[in-house]
Amino acid sequence: MYTFQSRVRYSETDSNERLTLPAITDYFQDCGTFQSEELGLGVQYLQESYLAWVLSAWQIVVETYPRLCDEIRISTFPYGFKGFLGYRNYTMDRSDGTRLAYANAIWTLLNMETMKPVRATEEMMRKYVLSEKLPMEYAPRKIGGALSGEWLEGFSVKRYHLDSNHHVNNAWYVKMAFCCIPETAHIRQMRAEYKKQALLGDFILPNVAVLENRYIVSLCSEEKEPYAVIEFTCEA
């Protein structure tokens, strides 16, 4: 397991001085990146190997949103490899051990020259020490109900949306979708299914479906093909 300590920053909070869901997503993504960098399997290793881990699915469950200046501890560990897929859990706790949020992520390893999935390297298999998977209710990877709602005004992909793989970073899709639902929605779970890469200059059309206590936001191309589908489950 890899862990780092942090403190909730003002720039990460909403109008109620609570850590936002997109900020939780960023913390989890950063935690996995920190571990990979410390193991020598980070951005440089991947670029030199013409490889990239691309996120296929997120499931994040929030028990409590911490407040401004709260001390928090973020942890992550891989729990399995299957073919070209890597499975990883994440947790966010208070300094006293109280669980704030937890997550599951499914990653796909791509050969960036062929853009085809490949198996993890022997070095990855050796250095990523597997742990027992987190006891949680694991949701399916695929999200139903896409494109069944209202189309909103679209926008173009900007430079600040991109990461080192030169496509829209997975966390930015969550931020984009988060802005498409009511500010009053109290989110307890977020699921994201990633379908294809959006690049600089691509145009994104959001579709928002409301289903009981869920919002399903499909972020689509101009041809109305989803780049990503994000589901927010709120308190009833």
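With 236 residues, a compact globule would have a radius of gyration near 18 Å, and this chain comes in at 17 Å, so the two agree. That radius is taken over C-alpha atoms, and the globule rule is 2.2 Å times the number of residues to the power 0.38. Keep in mind that this is a predicted model: local features need pLDDT of at least 70, side-chain atom pairs count only at pLDDT 80 or more, and totals for chains, interfaces and linings use all residues. Residues are numbered from 1 along each chain as its sequence is written, and side-chain values use heavy atoms, with hydrogens and water left out.

**Overall build**
- The chain has four helices and twelve strands; these are DSSP runs numbered from the N terminus, with helices (H or I) of at least four residues and strands (E) of at least two.
- Along the principal axes, the C-alpha atoms fill a box of roughly 45 × 45 × 30 Å.
- Of the contacts with a separation of 6 or more, 71% join residues 24 or more positions apart; a contact means heavy atoms within 4.5 Å.

**Inside the chain**
- Buried residues make up 50% of the 236, where buried means under 20% relative accessible area, exposed over 50%, and partly exposed in between (1.4 Å probe, protein chains only).
- The largest nonpolar core has 57 residues, and F28, W58, M92, M124, Y173 and F232 touch the most other members. Such a core is a set of buried Ala, Val, Leu, Ile, Met, Phe, Trp, Tyr and Cys residues joined through side-chain atoms within 4.5 Å.
- Another core lies apart from it, with ten residues, among them F77, L85, Y87 and L134.
- Beyond its neighbours within four places in sequence, M92 is in contact with residues including L19, F28, P66, I74 and L100.
- T25 sits in helix 1 (residues 21–38) and counts as buried because its relative accessible area is 0%. Not counting residues up to four places away in sequence, T25 touches W58, I60, N170, A171, V174 and M190.

- Most residues other than glycine have a negative phi.
- Y50 is not a glycine, yet has a positive phi of about 55°. You'll find Y50 in the loop between helix 2 (43–48) and strand 2 (51–62), partly exposed at 46% relative accessible area.
- M115 also isn't a glycine, and its phi is positive, near 60°. M115 lies in the loop between strand 5 (99–111) and strand 6 (116–117), and is partly exposed at 39%.
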